[in-house]
Amino acid sequence: MPPGVLTKLNRNGIQCIASVTLLQRFPYHRNHHTIPTMDQNRPTVGGVTAEVLKAVVSQALLGKFTAVFPKLFKCQWKTYEGQKKFYANFSTDCTDSNSNNMSRKFCVGGNWKMNGDQKSIAEIAKTLSSAALDPNTEVVIGCPAIYLMYARNLLPCELGLAGQNAYKVAKGAFTGEISPAMLKDIGADWVILGHSERRAIFGESDALIAEKAEHALAEGLKVIACIGETLEEREAGKTNEVVARQMCAYAQKIKDWKNVVVAYEPVWAIGTGKTATPDQAQEVHAFLRQWLSDNISKEVSASLRIQYGGSVTAANAKELAKKPDIDGFLVGGASLKPEFVDIINARQ
Ligand code: PGA
């Protein structure tokens, strides 16, 4: 029995047998960007191909009855195309840490930082509203707090809205701060925490950032949790050590990772025009995925989205987006420009 099966059996009992078998039989799971292949000429049971039947059974065994059956009946499952779509959606869920990123929805954040006014925000909103945005990409706009409500009213409703900071408690005598409850109250659903500018300029520690993340998640916000090494740290060969330390701090406080996206942003690449090469970025993303697998769980490692940030532009986004462990971007300067649309659509 291959080791993957053993681990899954130990951890989840019988439930994963079908899925593991499925994963082994359909190796497209390991080929990122590959559309699943189903053999159109294979025998079917009542018009349903064997692959789809297996996907349904495996998901049912995983306890996903409620998710899987309504979707099956909604999609045009009697047609080959309908079944293919269904199969692509539901047979990718039980993945391990070596899996590709097919099951992780691409997620692009725009971090406007302390930029913009009513006029320019209205222009950006107009550009985003009139553009054809890839429906397979989740988009989140990190807007200055004072314009959040204004931006919410102008941006397409399917775009998420993020505060760029929030304090670690709900309310009180904390002059100048805003709380996750306040962000939620005015229509934001995300918050960016631990950005290198908050760390370097405002002296935020790993521990404080982790406490903020814990509280924001408890209040129902989704969190973009930033990490990244300085140039000095990279040159000293400490990149992995630094990002592991930052992840450790988050992990002390975050128990449920489903509403978290990690943004790996090498500090030397932020706002400098010096992007990490796709290989440099992938190397750290792969390290983070392994770290998650070793220190949190294989499930979190397989499902947690890791964005890359640092001088992402329309010109370099496509190459970066091809890397198997890069699940999106956190974009500063270019998110204020029309080219942000091309970055959102980098996977197309
Ligand atoms: P940049 O900023 O894209 O302007 O480099 C990225 C960020 O700070 O999130």
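Two strands count as paired if DSSP finds at least two bridges between them. Strands themselves are DSSP runs (E, at least two residues), helices are runs of H or I with at least four, and both are numbered from the N terminus. Keep in mind that this is a predicted model, in which local features need pLDDT of at least 70, side-chain atom pairs count only at pLDDT 80 or more, and totals for chains, interfaces and linings use all residues. Residues are numbered from 1 along each chain as its sequence is written, and side-chain values use heavy atoms, with hydrogens and water left out.

Let's start at strand β5, residues 160–163. Strand β6 covers residues 190–193 and runs parallel to β5, with two bridges joining them. To get from β5 to β6, the chain passes through helix α8 (residues 180–185), a right-handed β-α-β crossover. Right-handed here means that, with the strands pointing away from you, the path from the first strand over the helix to the second runs clockwise.

Now for β4, residues 137–142: three bridges tie this strand to β5, again in parallel. Gly 142 sits opposite Ala 162 of β5. Helix α7 (residues 148–154) carries the chain from β4 to β5, in a right-handed β-α-β crossover.

What about the faces of β5? In a regular strand, side chains alternate between the two faces of the sheet. Both faces of β5 are covered, with Gly 160 and Ala 162 buried on one side and Leu 161 and Gly 163 buried on the other. Buried means under 20% relative accessible area, exposed over 50%, and partly exposed in between (1.4 Å probe, protein chains only).
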